[in-house]
Amino acid sequence: MFSSDILIQISPYLWLTAGAFVVLALGLFVQNEKKPLFVLITCMFLLLSILSMFCIGDPVYIMNGLLLHDKFGCWFAVLLLVSLFVVVMMIPYQTKLVAEYPSAVLSLLLMSACGGLFMIFSNHLVVFFVGLELLSIPLYVLVGLGHHKGKSSEASFKYFLLGAVAAAVFIYGTALIWSSTSSMRIDELFEIFRSPLYQTLPKTFWFGLSLVVVSLLFKLGVFPFHFWIPDVYEAAPASINAWMSTASKIAVVGVLIRLFYMFPVLDSFEPEHVTSKWMITMGVFSIFSMMWGSIGGLYQKDFKRLLGYSTISHMGYVLMFISSTFGKSYDETFEVLFFYLCIYVIANLVMFLLISQSEEKQDVTVDNCKGLVTSHPVIALGFAFGLLSLAGLPPFAGFVAKFKLFYFVIGQGGIYLVIFAILSSIISVVYYFRILANMFLEDGHTTFQVQQEGRRIWLILFLAFLLILFGILPQIVQNWLF
Amino acid sequence: MIVPLDHVLLVSFALFLIGLVGLFLRKDALTIFLCVELLLNAANVAFVGVARSIGDVTGHVVVLIVIAVAAAEAAIGLSIVIRLHQNKKPLEVQKLNELKG
Amino acid sequence: MSFLSLQIFFPFLCGMLLLFLPSSKQKYIWNITIGIAAVTFLMSLMLWTQFDFLIPTIFQWEERFDWIQKYGVYYHIGVDGLGLVMVTLSSFLTLIALYLSRNSIQKRVKEFAFSMLMLETAMIGTFCALDLFLFYVFWEIVLLPMCILIGVYGGEKRMYATKKFFVYTLFGSLFMLVGLIALYNINMTNHGMVSSSLVDMTLMKVPASQQFWLLIAFLLAFLIKVPVFPFHTWLPLAHVEAPMAGSVILAGVLLKMGAYGILRFAIPLFPDAMIQIAPWMIALSVVGIVFGAMMAYAQSDIKKLIAYSSVSHMGFVTLGIFSLHPTALTGAMFQLVAHGLSTGALFLMIGYIYDQKHTREMSQYGGIASVMPRYTVIFFVTTLAAIGLPGLCGFVGEFLILMGAFQSHVISSPVVIIGIAVSGVVLGAVYMLKLFEHMFLGPVTNEKNQKLKDYKWGQLIAMGALVICMVYLGIRPNSLLQILKIQHVQPVEISVVKEVRRVQ
């Protein structure tokens, strides 16, 4: 029944799913103290999955057109899996999290990654739905495992409700799309866009499509669907935060790239007002996201909550880029967006995983980290690199990423969007700077604890070093990828 | 008599709206969860109706998939509610305000 | 890697190595740091040896590599006369500031040294960069060590000062970034290729209609840095709260970076818009001159007084730049050096006396001349240089600026403008002499002042070097004037003349 061709084609997903089951089963039979074993097995399956990505060459539709394996999706998938690798390596630092259910946590993370892969490679809206749920449901559980039991359960419940509504909206939108076009496959939908049938699409189609996009924007965390982010970020354990802020954003941006950059022919058709309506709406959303993220972060005391607002702001930049370069081709825009996403992922991983060091002893707040540079200078430097990269200052990679983004947006005529982006950058610099000032300039006794097994921290510091390396020599990423 | 597609879609839309409205107006956690299930089932009804009128079996398969996913989600959701209860949090949504939204 | 790249990155690389030394051996760290600064200064002097003085406007010591090819960004560095002078000034002031900071910085010496060295790299890089993107990167990098200097080693309100300084300057810089990217895009649409190198960009002329807003975006960053009234509010705060070395570098070099940016980038790239905006800027400059002078007169905090005097003097510089007359431009460039030397010396002296008495109030000092004679002499000479006495460096710059402004075509009523500016000179004399009188002359008013220590030999030599420069530049200004020519003065002049002819 399963020919070897199909097995090879679906091997990335198979490795992840197999890994999830193996780790879960192992958790039943092996004592809980053997935590490194679990991590090792998880990493092994992850690496196998990454390696199987390299079998992907030319774009090919697999599984009867349900999934599309192409190079662009491949890059997103590798980014996702590598970030999971980093998160899994650093998870043992959160002792309370892994004390109770180590194998379950790792297994859920693997399933979540598998869902992310489904989303990135999907060609069919229902596959996309399954991927979305597979990505999110483990997250609902994992968010609830924070060490403040009351807060975490509450955040988990809120996230679950809103996420379930988003998924339901998504599938309802799919139903409407199917009812009007009798096709749920994304490539067939694009064919319809290119053909004269485009003129005859009924209103239900556009309503369905907007529901689908709304659901995606919820997952991305942009205005007006961003209300869950600060609460959930505050209450989740920091490693899960690291995964959540990187994986779901990677998966959704991958999908958005597929959806919006395969529309280049739309402009040549008459209902241009439809596309311009979309562009204007998304532009307005992006402006509000950027400003909300920057102004909201000014009042925050908790570090993770502040990073949540920074995420809203960053996704606002991404949305600004998408809304103004709507309809350009894949090749030009993919590189810029992927670079931005890479740098965002690295910076977020560095920040959250450094926070995860000390989070369980005491909450890391803006005031708590006073004088970090005297007690743990290297960790303070890691934080500094991450924060300055998020702020977008040269010579860090965040600056180059923002520069490329602004370059394209201004080239498309989005000068007002960029003015708002600049204003939000300036405002957000204030709160990044406040943290940096507390860490470096104040003398204080910080309560930040560093775990004693110090070897793994170098992975995070290596990532922080990458932030400067890519800032000075961004062509490394460019030449290596393309 | 064959039910016209428009009627099915109308019913599905009505279910969707009821679910949405119930979501916002209800206070009890479990009832809100029921409304989420209602939303998912609205989509199911739409799928079945369209599959019937177009004649494509895909719709029915999709319904099975959505039911399976909804079941998984229900399992997770209920376990989250149980955990909420274990951690001595009230089950009324209004009272869940420890996190400043 | 040629010599100029080495000159730029040498302080930073040595600073990185310095970080690995143990913090306990403070004496070694100080000695090594001062050695590094001295070597950097010597390297900048070596740049002079191979510099062709006959063609000071051509960029020499040039290097150009591809950096980010897709956007036409090159690693392009080079110096012409102006750049060379500014590089030398930066390394000279850094060396002297580091040497004289030995007594004031007691803890976290390693980080202080590293910040100063990183700042030196960023400053020299800004003055050497010929590529707009590279210039912007160095411009931004200057902010970080400056914030560390003010924030860790500063006075009581240092956190507020740092934040204001950082956010205010960043505000301007980000608008410059938008202008920069817009400029790239305009060049792309008009000329089909994009290049960030200054030489290429001056050849790709921007249409006059689009120049105006681009110039505004660029100028916002430069005017905040100079600072021009009304964007000057960060300056008194930052100067007062910064440590001595920080104030010296801030006043001596960083303010000049703003003026340098206008000279190097704004004038060649946007000549038509400069003509349009010049009258407004001249008005702002003159207001700044008088405002700075009057605020300086009202101060009792010595450092704040000198900070406001900086606003006043930089008002002269912008008056010279926006007059768009070759004499005035040359005078402005000379004034950059002169002001750097004199204000740097003033801050060094204030810092020296603050270390001993820990107060900056004028009233606490009275009649010190009898207690610290050597200090008094140096202070007096510096005061005269700051006022603009002929024979010292301050006069040459101010005179050339006023003369050029009088002949300038963009000022409609030169007599009024020059009159107000000259009154600023007079007010400058008033507050500086008042400061001198209150601090030094007369009998010793405060008993504790009897115990103040005078300059020792080492410090005397360092301050003496500054004084000798001030005197030399006052007596033989031509040594600098002959190389302070800027490449694109001529086209501006011709187009100014064309404008005037058309109006007539």
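This is a predicted model: local features need pLDDT of at least 70, side-chain atom pairs count only at pLDDT 80 or more; totals for chains, interfaces and linings use all residues.
**Entry 1: which chains touch**

I began with the chains and noted that, of the two pairs of chains in contact, chains A and B share the most contacts.

**Entry 2: chain A against chain C**

How many residues does each chain bring to the contact between chain A and chain C? I found 35 residues from chain A and 34 residues from chain C. I reminded myself that the size of an interface is often given as the accessible area lost when the parts come together. For chain A and chain C I noted about 3,200 Å² buried between them, with 79% of it on carbon and sulfur atoms. I next asked which three residues supply more of chain A's buried area than any other three, and they are A:Phe403, A:Tyr407 and A:Leu441, with 23% of what chain A buries against chain C.

I looked for charged pairs across this contact and found zero salt bridges between chain A and chain C, while the count of residue pairs in polar contact is two, both at pLDDT 80 or more. On the side of chain A that touches chain C, the elements giving two or more residues are helix H15 (330–358), helix H18 (397–411), helix H19 (415–441) and helix H21 (475–481) of chain A. Of these I marked H19(A), which gives the most to that side, with 13 residues. Sorted by class, the side of chain A that touches chain C has 27 nonpolar, four polar and four charged residues.

**Entry 3: aromatic rings**

I counted aromatic pairs next, and the structure holds 61 of them over all chains. One that I looked up is C:Phe395 with C:Phe399, whose ring centres are 5.4 Å apart and whose planes stand at 20 degrees, so the pair is stacked, the cut-off for stacking being under 30 degrees. Where do these two residues sit in chain C? Both belong to helix H16 (residues 393–407) of chain C, and because they are four residues apart there, about one helical turn separates C:Phe395 from C:Phe399. I noted C:Phe395 as partly exposed at 29% relative accessible area, and C:Phe399 as partly exposed at 42%.

I also found a cluster in which ring pairs link A:Tyr140, A:Tyr159, A:Phe160, A:Phe218, A:Trp228 and B:Phe33.

**Entry 4: salt bridges**

Over all chains the structure holds nine salt bridges. In one of them the side chains of A:Glu234 and A:Lys151 meet at 3.3 Å, N to O. A:Glu234 lies in helix H11 (residues 228–235) of chain A and A:Lys151 in helix H8 (residues 149–181) of chain A, so this pair ties together parts that are 83 residues apart in sequence.

I then noted a salt bridge of A:Arg185 with A:Asp187, with the closest N and O atoms 3.1 Å apart, and A:Asp187 is buried at 17% relative accessible area.

A:Arg305 and A:Asp231 form a salt bridge as well, at 3.1 Å, N to O. Because A:Arg305 lies in helix H14 (residues 303–324) of chain A and A:Asp231 in helix H11 of chain A, the pair ties together parts that are 74 residues apart in sequence. I recorded both A:Arg305 and A:Asp231 as buried.

Terms used: Residues are numbered from 1 along each chain as its sequence is written. Chains are lettered from A and ligands numbered from 1 in the order in which they are written. Side-chain values use heavy atoms; hydrogens and water are left out. Contact means heavy atoms within 4.5 Å. Buried area is the accessible area (1.4 Å probe) that two parts lose on being put together, summed over both. A salt bridge is a side-chain nitrogen of Lys or Arg within 4 Å of a carboxyl oxygen of Asp or Glu. A polar contact is a pair of N or O atoms within 3.5 Å; within protein, one must be able to donate a hydrogen and the other to accept it, and residues adjacent in sequence count only if both atoms are side-chain atoms. Ala, Val, Leu, Ile, Met, Phe, Trp, Tyr, Cys and Pro count as nonpolar, Asp, Glu, Lys and Arg as charged, and the others, Gly among them, as polar. Rings of Phe, Tyr and Trp (its six-membered ring) pair if their centres lie within 6.5 Å; planes under 30 degrees apart count as stacked, over 60 as edge-to-face and the rest as tilted. Buried means under 20% relative accessible area, exposed over 50%, partly exposed in between (1.4 Å probe, protein chains only).
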